[in-house]
Amino acid sequence: LLLDRSGSMLDDDKWGQAQRALEGSILPTSERLRFGVLTFPWGMSCGVSPEALRVPVGELSAEALGALFTEALPVDTALTPLAGAIDQGRELLNALGDRNRRGVLILLTDGVETCADGGAPNSEAPRFAAEEAVADGYTLYTIGFGSLVSQRTLRELAELGGTGRERRA
């Protein structure tokens, strides 16, 4: 799960809504399915790194999820590196090397790409990242929070990712 923690996630209780949604939908399935949670950005305003993997794949629990939402709060000055998050998620799944399981990336964001091309919004970078994830055999779901998302970008990513269309929350 690729979870946006950009500054706008502080608006309208989106961070709290994301927590409640994950507690209600993801947590009950964690006995059967293996989830990990990567938060982005991490470090600098556009950074995404392996350290952003706040909950390693297969270690999701109520305690881990609670700690994530307490310790990895959105940063008011942080931007939204969608492409970087997709790339890092793909790299982390590749590092698992578990080809006996289906690999899925779920992108949950309330914004648009603001880190590609010198910080200017750029819908091409997330598309290229999604294409690379699909080429590596992964499915990509997109969930848009609130009214600031680029529905067109999320729909394009979902179509490339094999899930047909974006979901809105």
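The questions and answers below concern this predicted model.

User: How are helix 1 and helix 2 oriented to each other?

Analyst: Helix 1 spans residues 14-25 and helix 2 spans residues 62-71. The two pack with their axes 11 Å apart, at an angle of about 170°. Angles over 145 degrees count as roughly antiparallel. Helix 1 and helix 2 are therefore roughly antiparallel.

User: By class, which residues make up the contact of helix 1 with helix 2?

Analyst: Helix 1 contributes W15, A18, Q19, L22 and E23, which meet L65, G66, L68 and F69 of helix 2. Sorted by class, this contact of helix 1 with helix 2 has six nonpolar, two polar and one charged residues.

User: How many aromatic pairs are there, and is the pairing of W15 and F69 stacked, edge-to-face or tilted?

Analyst: The count comes to one aromatic pair. The ring centres of W15 and F69 lie 4.8 Å apart, and their planes stand at 55°. Planes under 30 degrees apart would count as stacked and those over 60 as edge-to-face, so the pair of W15 and F69 is tilted.

User: Where in the chain do W15 and F69 lie, and are they buried or exposed?

Analyst: W15 belongs to helix 1 and F69 to helix 2, so that the pair links distant parts of the chain, 54 residues apart. As for accessibility, both W15 and F69 are buried.

User: What is the handedness of the disulfide that joins C46 to C115?

Analyst: The structure holds one disulfide. In this disulfide C46 is joined to C115, with an S to S distance of 2.1 Å. The torsion about the S-S bond is about -85°, and the disulfide is therefore left-handed.

User: Which loops hold C46 and C115, and how many residues apart are they?

Analyst: C46 sits in the loop between strand 2 (37-40) and strand 3 (53-55). C115 sits in the loop between strand 4 (104-109) and helix 4 (124-135).

User: Is C46 buried, partly exposed or exposed, and what of C115?

Analyst: Buried means under 20% relative accessible area, and exposed means over 50%. C46 has a relative accessible area of 29%, whereas that of C115 is 16%. Accordingly, C46 is partly exposed, and C115 is buried.

User: Is T39 buried or exposed, and which residues does T39 touch?

Analyst: T39 has its place in strand 2. With a relative accessibility of 0%, T39 counts as buried. Leaving aside residues up to four places away in sequence, T39 touches L3, R5, A52, R54, L68 and A72.

Conventions:
Residues numbered from 1 in each chain as written. Predicted model: local features only at pLDDT ≥ 70, side-chain atom pairs only at ≥ 80, totals over all residues. Heavy atoms only, no water. Axes fitted to C-alpha atoms, helices over the stretch in contact; angles between N-to-C directions. Helix = DSSP H or I, 4+ residues; strand = E, 2+ residues; numbered from the N terminus. Parallel < 35°, antiparallel > 145°, perpendicular 65-115°, else oblique. Contact = heavy atoms within 4.5 Å. Nonpolar A, V, L, I, M, F, W, Y, C, P; charged D, E, K, R; others polar. Disulfide = S-S within 2.5 Å. Buried < 20%, exposed > 50% of the residue type's maximum accessible area, 1.4 Å probe, protein only. Phe/Tyr/Trp six-rings, centres within 6.5 Å; stacked < 30°, edge-to-face > 60°.
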